[in-house]
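Subject: The structure you asked about

Hi,

Here is the structure, as promised.

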Amino acid sequence: MTYSPPPGGWHDPSAAGPQSSPPVDPTMPMAGNPIPTQPTSADPYAPADPYAAPGYAPPGNPYAAPGYAPPGNPYAAPGYPPAGDPYAAAGYPPAAYPGYAPPSSKTNTLAIVALVLSLVGFTSCITAPIGAIMGHVARKQIRQTGEQGEGMAKAAIIVGWILTALLVLLIIFYVVMIIIAINSDSSSTY
C-alpha cells in the first residue's frame, strides 16, 4: 500500500523532497483583505444608519449623543431643544434646568389640617388626638399620591400624641387628687 496525499494540494511537511510553497505568514492578508495597521474607534460590527447622509461624520465630541447640541451653540436650530437632554440623562430633577423653576407640587390638605388641630390642642385638649389620627391618615395618603407634606404630617402625629399623653396624665392627676380630697375630708368628719 502506498501513501497518497489528500486532495487539495496539501503536502506532508515531514515528507522528503522540495516544498511547493513557503509557510504562510500570519501577518499577511488573506484573500485580498488588508489588515488594519491601527485600531479605530468605529465599531466594524455596528449596523449602518439607513438615514445618515453618505460620508456624514458628526462634528465635535465623538462621545456625545447623536444630535446633541451643547447649551449656547450658535449653530443649533432655533426653537428646538437639543436632542439628548444632558440634565435628564444624568438623572437630575427638573429643578436643575438653568432658568426654570421646579414644578410646584401640591401639599396634602389633610396634613395641614392635622397639624393645625394638633397645635390647637395646646388650648383645647380634645383636638390633639384628632390631629394625631389625621396625621397618620395624611402620611398614608402622601405615600400613595406622592404629594408634599410628609413633615407636617409627622409633626402633627408627634405633637398630637404628646399632648394626648399629657392630657391623659392631667386627667389621672385630677382624679387622684379628687379621690385624696374625698378620703381626707370623710376621715376628718368622724
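T164 is in contact with A128 and P129, once its neighbours within four places in sequence are left aside. Bear in mind that this is a predicted model, so everything below is computed from it. T164 is found in helix α4, and with a relative accessible area of 13% it counts as buried.

L163 has a relative accessible area of 11%, under the 20% cut-off, so it is buried. Not counting residues up to four places away in sequence, L163 touches S118, G121, F122 and A128.

Which of its residues are buried? They are T127, A128, P129, G131, A132, G135, A138 and I142. After α3 comes G146, with a positive phi near 80 degrees.

Now for helix α2, residues 109-120. Twelve residues at 1.5 Å each should span 16 Å, and the end C-alpha atoms are 17 Å apart, which agrees. The buried residues of α2 are A111, A114, L115 and S118. These cover an arc of only 95 degrees around the axis, so they sit on the same side of α2. The spacing makes sense, because an α-helix has 3.6 residues a turn and residues three or four places apart point the same way.

N108 lies in the loop between α1 (86-89) and α2. Is N108 buried or exposed? Its relative accessibility is 2%, so N108 counts as buried. At the start of α2, a side-chain oxygen of N108 comes to within 2.8 Å of the backbone nitrogen of L110. The N108 side chain also makes a polar contact with the side chain of Q141, at 3.3 Å. Leaving aside neighbours within four places in sequence, the contacts of N108 are A138, Q141, I142, E147 and Q148. Two of these, A138 and I142, are among the buried residues of α3.

On aromatics, the count comes to one pair. The ring centres of F173 and Y174 are 6.2 Å apart and the planes are at 50 degrees, so the pair is tilted. F173 has 46% relative accessibility and so counts as partly exposed.

Finally, the overall picture. The chain has four helices and zero strands, in the order α-α-α-α along the sequence. Of its 190 residues, 12% count as buried. The chain exposes about 15,500 Å², with carbon and sulfur atoms supplying 68% of that area. Among contacts between residues at least 6 apart in sequence, 47% join residues at least 24 apart.

Cheers

Methods. Residues are numbered from 1 along each chain as its sequence is written. This is a predicted model: local features need pLDDT of at least 70, side-chain atom pairs count only at pLDDT 80 or more; totals for chains, interfaces and linings use all residues. Side-chain values use heavy atoms; hydrogens and water are left out. Helices (H or I, at least four residues) and strands (E, at least two) are DSSP runs, numbered from the N terminus. Buried means under 20% relative accessible area, exposed over 50%, partly exposed in between (1.4 Å probe, protein chains only). Contact means heavy atoms within 4.5 Å. Accessible areas come from the Shrake-Rupley method with a 1.4 Å probe; for residues, only the protein chains shown count as cover. The expected span of a helix is 1.5 Å times one less than its number of residues. The arc is that of the directions from the helix axis to the C-beta atoms. A polar contact is a pair of N or O atoms within 3.5 Å; within protein, one must be able to donate a hydrogen and the other to accept it, and residues adjacent in sequence count only if both atoms are side-chain atoms. Rings of Phe, Tyr and Trp (its six-membered ring) pair if their centres lie within 6.5 Å; planes under 30 degrees apart count as stacked, over 60 as edge-to-face and the rest as tilted.
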